[in-house]
Amino acid sequence: MGAGAGPCQLRPGRERASIEGVMGRVRIPIFFDYASTLCYIAWRIVRELEGELGFEALWKGVPIALRDFRAKPGRTLGELERQKVLMVAAETGILVAPPVSWIDSRAALQGSELARDAGVFPAYHDAVFRAAFDTGDDISRPAVLEAIAEQAGMDRADFRAGLESGRMESRLQDHKREAEEFSALGYPTFILGDFPLIGIQPIESMRLLLGRYIQQRGEEPQA
């Protein structure tokens with residue numbers, strides 16, 4: 001789940017023109033968790049590349065704790081976990097400190113699905129990542145999430161009722177099953193057709209990998 005390849009030399013302008021010239025926006029599913037510092041790094045990189053390469057990121061939340069007992073909310077991060085995050089942060093140039101302990105992200109992930117249905121997912125999604133890793137807010141607290149939802153354009157009372165009902169839990173379970181079908185064994189995982197790209201790499205490498213995939217999609221025969 002780390003940054004594998006080193007920087008690659010590209011010509012972003014030419015790559016972008018080629019992609020946009022052959023097709024419209026490609027949707028790329030990304031399995032993620034707000035509890036993951038590596039997912040925060042991925043979010044920062046995807047935000048920059050999404051407009052440049054002309055694709056749409058389809059973020060699908062899955063609590064890491066459902067699949068890895070070591071990510072249990074409140075458990076202190078081990079030194080190896082911390083060092084892995086710090087290594088990826090250094091390789092990608094996105095300097096972020098991992099939290100002391102694993103974040104309880106379940107309510108935030110359910111809230112992201114409420115925001116999706118309300119048509120304000122991007123604003124909510126960005127604000128949750130910023131709160132968790134830029135300002136150090138406790139995104140497990142309903143009041144913090146309600147404020148984020150309200151700022152994103154949702155009705156605060158409706159959002160609270162949606163969280164309390166737990167009605168989005170089934171959607172998170174659907175995401176988990178889908179992730180398992182794609183062998184998404186770590187987060188983040190980018191689904192490039194039938195291929196799961198696990199982890200995050202420096203932006204130059206991600207630009208190349210995603211750009212090639214988008215270009216290949218554009219060259220496929222249209223049904």
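Mentor: Let us begin with a definition: a charge sits over a ring if NZ of Lys or CZ of Arg is within 6 Å of the ring centre and within 35 degrees of the ring normal. Please keep in mind that this is a predicted model.

Trainee: At what distance from the ring centre of Phe-121 does Arg-116 lie?

Mentor: The definition asks for CZ of Arg within 6 Å of the ring centre. Arg-116 lies over the face of Phe-121, and its distance from the ring centre is 4.4 Å.

Trainee: How are helix 4 and helix 5 oriented, roughly parallel or roughly antiparallel?

Mentor: Two packed helices are described by the angle between their axes and the distance between the axes. Helix 4 (residues 106–117) packs against helix 5 (residues 121–134) at about 160 degrees, and the axes are 8 Å apart. Angles over 145 degrees count as roughly antiparallel. Therefore helix 4 is, relative to helix 5, roughly antiparallel.

Trainee: Which residues of helix 5 make the contact with helix 4?

Mentor: From helix 4, the contact involves Ala-107, Ala-108, Gly-111, Ser-112, Ala-115 and Arg-116. By class, the contact has six nonpolar, two polar and one charged residues. On the side of helix 5, the residues are Phe-121, Tyr-124 and Val-128.

Trainee: What kind of aromatic pair do Tyr-34 and Phe-129 form?

Mentor: The count of aromatic pairs comes to 11. For Tyr-34 and Phe-129, the ring centres are 5.0 Å apart and the planes are at 70 degrees. Planes over 60 degrees apart count as edge-to-face. The pair of Tyr-34 and Phe-129 is therefore edge-to-face.

Trainee: How many residues apart are Tyr-34 and Phe-129?

Mentor: Tyr-34 is in the loop between strand 1 (26–32) and helix 2 (37–53), whereas Phe-129 is in helix 5. The pair thus links distant parts of the chain, and the separation is 95 residues.

Trainee: Is Phe-133 buried or exposed?

Mentor: Phe-133 forms a tilted aromatic pair with Phe-129, at 6.5 Å centre to centre and 35 degrees between the planes. Buried means under 20% relative accessible area. Because the relative accessibility of Phe-133 is 10%, Phe-133 counts as buried.

Technical notes
Residues numbered from 1 in each chain as written. Predicted model: local features only at pLDDT ≥ 70, side-chain atom pairs only at ≥ 80, totals over all residues. Heavy atoms only, no water. Axes fitted to C-alpha atoms, helices over the stretch in contact; angles between N-to-C directions. Helix = DSSP H or I, 4+ residues; strand = E, 2+ residues; numbered from the N terminus. Parallel < 35°, antiparallel > 145°, perpendicular 65-115°, else oblique. Contact = heavy atoms within 4.5 Å. Nonpolar A, V, L, I, M, F, W, Y, C, P; charged D, E, K, R; others polar. Phe/Tyr/Trp six-rings, centres within 6.5 Å; stacked < 30°, edge-to-face > 60°. Buried < 20%, exposed > 50% of the residue type's maximum accessible area, 1.4 Å probe, protein only.
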